[in-house]
Amino acid sequence: MRLFPSAFTVVAMLAVPPLSVDAQTISVTTPQGRHVRVSTLTPDIIRVENFPEGSVPSATLDNAPSPTDVSARMHTIGNHHFMTTSAGVTAVVSSETGAVTIDGGKGRLITDSGLRAQRDGKQSLYLSVDGGSGAFYGAGERGYSFNLAGDTLVMYNKQNYGYRAGEERIRQMNITMPLFLSPDGYAVVFDDYGAATMTMTDPIIYTTESREPVSYYYVNSEGSLASLVPTLTTLTGRQELPPLWSLGYITSKYGYRTQDETIGVVDTLKRAGYPVDGVVLDLYWYGKEEDMGRLAWDPIQWPDHKKMLTDLKAKGVNTVLISQPYVLRNGAGVDNYNELSSRGLLLPDSAGGTQEVTIWVGEGGMFDMSNPATRQWLADRYRQLTLEGVGGWWGDLGEPEVHPESGVHANGLPTRLYHNRYGNDWSSIIHSLYKKEFPSTRLMTMMRGGTTGLQQYSVFPWSTDVSRSWEGLQPQITIMLNSGLSGLGYMSHDVGGFAIDESMPYDPELYVRWLQLGTFSPVLRTHSQQTAEPYKYPDQQSIILPLIRERYRWLPYNYTLAYENASEGLPLVRPLNFYTPGSAELDDVTDEYLWGRDLLVAPVLTQGATERSVTFPQGEWVDMLNPSGPVYHGGETISYQAPLEVLPLFVRAGSFIPLADYPMENTGDFLTDRYTISYYPVNGRSSYTLYQDDLSSTGSLERDEYRLITFSGDADARSIEIDVTSTGIYPGAADKIDLSFVVNRVGGRPASVKVNGNTLDGWTYDQSQKTLALPVVYNPSENLVITISL
């Protein structure tokens with residue numbers, strides 16, 4: 001299809017309406033008085049602003065780049081004004097109608113027919129999409145479907161207690177974002193956080209209640225999700241490197257009620273041989289449910305909380321505390337309620353008084369996160385508690401779950417225009433506090449509400465109060481996929497299921513299958529109303545204990561995923577078509593995913609199932625449990641045996657997988673001078689890059705204080721060559737690294753193994769497994785070459 005009708009090539013003999021063009025921007029005013037401004041912010045990001053006379057377009061994204069550093073080629077044909085960026089993105093603006101067409105290449109064409117006012121005071125934008133796959137993803141946390149095409153998505157954060165797969169209500173969840181991505185390699189971000197709907201038809205219709213005219217961004221790429229997400233996150237923001245302990249095992253329950261119970265749970269885990277890095281304290285740390293808003297330890301239930309925090313930290317266990325938006329006056333939070341209400345720090349009502357808020361455990365008010373004085377009051381409380389030894393924060397109910405629509409926030413916005421933003425502003429309080437008061441500490445904040453850009457505040461969201469049922473387990477991959485593409489790389493879930501199904505309150509099979517998914521999820525945190533801890537399943541210990549230990553074994557690979565997220569915005573959980581544009585058969589796969597680039601995870605999500613079908617994305621794939629077995633090819637679907645103890649995992653052929661093959665009690669035992677490198681050679685070349693830093697500094701990336709170790713392989717029927725090189729350095733970096741290579745799929749005993757031209761002694765070959773094991777000591781200041789003659 002041609003981008004424009006042939007008539008566009010004729011110079012019209014008409015007067016051109018008011019027009020302004022510079023190196024980055026085209027601004028037009030139509031005869032109807034509509035103002036349209038199109039700017040190139042980067043070679044791949046175009047901003048489109050629509051606004052009537054006398055208004056100012058919205059600008060809500062904190063990370064939007066300035067257009068001052070780029071330029072584009074401009075020309076005019078009649079009433080059509082062309083802008084082409086250095087990346088080949090072309091935008092055309094009609095000064096007659098204000099229509100905007102943007103073409104980023106194959107399948108990446110959209111046409112904006114303008115901003116339209118509706119009779120009910122809302123405004124709508126219409127975007128026609130021409131060609132392409134017709135699939136769309138993202139929009140924040142969405143669990144009903146991975147492919148959002150055809151859906152009408154409500155942009156108003158909402159809790160869904162005890163939800164299950166297939167329920168209509170999980171089209172609208174706790175974190176909504178007005179953005180979408182196409183697997184053809186482009187995205188659109190609406191610059192808005194007001195209550196809205198986004199109808200994913202053709203045209204795509206975005207209708208918002210916002211008062212200001214809504215702008216949007218067109219984001220282009222080379223034509224795949226893998227190339228799109230890094231550009232998209234330059235606009236929406238990226239998450240900083242996580243605390244290493246957040247990648248370990250975290251235990252949680254609703255809830256641990258006392259100091260003795262908490263210590264007992266941790267000690268029981270350790271006696272059973274479980275590594276553990278975190279414990280989450282639900283609302284009982286401040287007393288009982290009605291004491292919400294107290295934000296102080298209950299001295300009866302926690303007689304020496306400071307000692308407890310210190311002792312747990314000495315065991316490598318970090319404590320995470322819950323807090324909520326609400327301050328109740330029917331419990332021990334009444335003093336805070338009286339103070340905050342008298343100072344105007346709670347959400348005001350339309351008359352200027354404190355807005356009455358009723359939740360399931362009482363009445364009171366709610367923090368106004370837009371009020372600078374409220375933010376300071378909360379920051380002071382969080383600061384004192386952090387100084388006492390709290391290791392992380394949990395912002396619960398932050399949609400907010402109850403948010404009276406008669407409220408008017410300190411920034412002048414009514415509830416429906418501020419609601420989605422609430423979680424971002426709450427998270428930013430803690431993030432700013434850490435930047436100011438704890439600048440050398442990496443932050444973990446669990447948050448379940450917010451909107452576009454939430455990830456930039458070091459947020460680890462979770463999919464909230466899911467049903468403990470098979471139907472609760474099933475949408476978790478879909479939620480992680482859409483959230484990850486939207487920027488929330490650390491979206492996870494309550495492993496084991498939170499909301500107890502009274503018809504089946506205890507289901508060991510479900511717990512095991514959920515834990516298998518959780519082992520390869522961004523956060524491994526068990527959480528439920530009862531029987532949450534892994535030792536509560538004695539008959540399954542031979543499966544459960546090795547699974548949680550496996551989480552620690554994968555720390556080198558997982559920490560490198562964290563680097564890819566921080567440096568490029570790449571999600572940890574990736575769809576099967578992430579690297580493969582045009583693979584329509586993969587557009588809707590929701591029961592498998594890529595864990596990083598090189599691991600395919602296919603968990604069992606159905607009760608009683610002992611086998612499942614597995615579809616492979618582009619490339620060649622090897623069964624991790626049977627690496628010497630057949631090679632599977634992209635597009636192929638197989639039936640795979642998966643009894644309860646088996647989690648189907650497949651590694652991309654040619655991959656290098658770094659592992660930590662030694663026991664750990666917590667992530668503090670992780671070593672950066674010792675790795676097992678499992679290599680799965682196939683004919684041809686391949687490579688993998690491992691990330692290293694000091695595991696704790698907040699400025700490792702900004703100061704270039706890190707090391708990248710690249711493993712390259714070149715294999716054929718006669719030989720295998722492995723090259724190891726490194727770049728970069730960081731304080732405390734090891735100058736010698738023990739590398740234990742395990743080379744899989746070696747058909748026979750090698751004729752020779754050489755390192756940098758010298759014969760290597762000490763290697764072993766296992767004929768039954770077809771694996772070659774060879775230990776080497778690597779000096780990162782030198783290149784290492786291993787040559788295996790077959």
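**Notes on a predicted model**

1. Proline 400 sits in the loop that runs between strand 24 (392–395) and helix 6 (415–418), and in this predicted model the peptide bond that joins glutamate 399 to proline 400 is cis, with an omega of about -5 degrees.

2. Threonine 464, in the loop between strand 25 (445–447) and strand 26 (467–468), has a phi near 60 degrees, which is a positive value in a residue other than glycine. Threonine 464 counts as buried because its relative accessible area is 0%, and the cut-off for that class is under 20%.

3. Leucine 695 has a phi near 75 degrees, again positive in a residue that is not glycine, and is found in the loop between strand 39 (684–692) and strand 40 (706–715). With a relative accessible area of 17%, leucine 695 is buried too.

4. For the packing of helices, consider helix 2 (residues 259–271) and helix 3 (residues 305–314), whose axes lie 11 Å apart and meet at an angle of about 10 degrees. The two helices are therefore roughly parallel, since angles under 35 degrees are placed in that class. Helix 2 contributes Gln259, Thr262, Ile263 and Val266 to the contact, while helix 3 contributes His305, Met308 and Leu312. Sorted by class, this contact holds 4 nonpolar residues, 3 polar residues and no charged ones.

5. Helix 11 (residues 541–553) consists of 13 residues and spans 18 Å from its first C-alpha to its last, close to the 18 Å expected at 1.5 Å a residue. Its buried residues are Ile543, Ile544, Leu545, Leu547, Ile548, Arg551 and Tyr552, and these pack against helix 10 (508–519) and helix 12 (555–568), as well as against strand 18 (249–252), strand 28 (524–526) and strand 30 (593–595).

6. Turning to the whole protein, the secondary structure comes to 12 helices and 47 strands. The radius of gyration is 27 Å, close to the 28 Å that the globule rule gives for 790 residues, so the protein is as compact as a globular protein of that length. The C-alpha trace spans about 85 × 70 × 50 Å along its principal axes, and 62% of the 790 residues count as buried. Among contacts with a separation of 6 or more, 70% are accounted for by residues 24 or more positions apart.

Note on methods:
Residues are numbered from 1 along each chain as its sequence is written. This is a predicted model: local features need pLDDT of at least 70, side-chain atom pairs count only at pLDDT 80 or more; totals for chains, interfaces and linings use all residues. Side-chain values use heavy atoms; hydrogens and water are left out. Axes are lines fitted to C-alpha atoms, for helices over the stretch in contact, and angles run from 0 to 180 degrees between N-to-C directions. Helices (H or I, at least four residues) and strands (E, at least two) are DSSP runs, numbered from the N terminus. Angles under 35 degrees count as roughly parallel, over 145 as roughly antiparallel, 65 to 115 as roughly perpendicular and the rest as oblique. Contact means heavy atoms within 4.5 Å. Ala, Val, Leu, Ile, Met, Phe, Trp, Tyr, Cys and Pro count as nonpolar, Asp, Glu, Lys and Arg as charged, and the others, Gly among them, as polar. The expected span of a helix is 1.5 Å times one less than its number of residues. Buried means under 20% relative accessible area, exposed over 50%, partly exposed in between (1.4 Å probe, protein chains only). The radius of gyration is taken over C-alpha atoms; the globule rule is 2.2 Å times the number of residues to the power 0.38.
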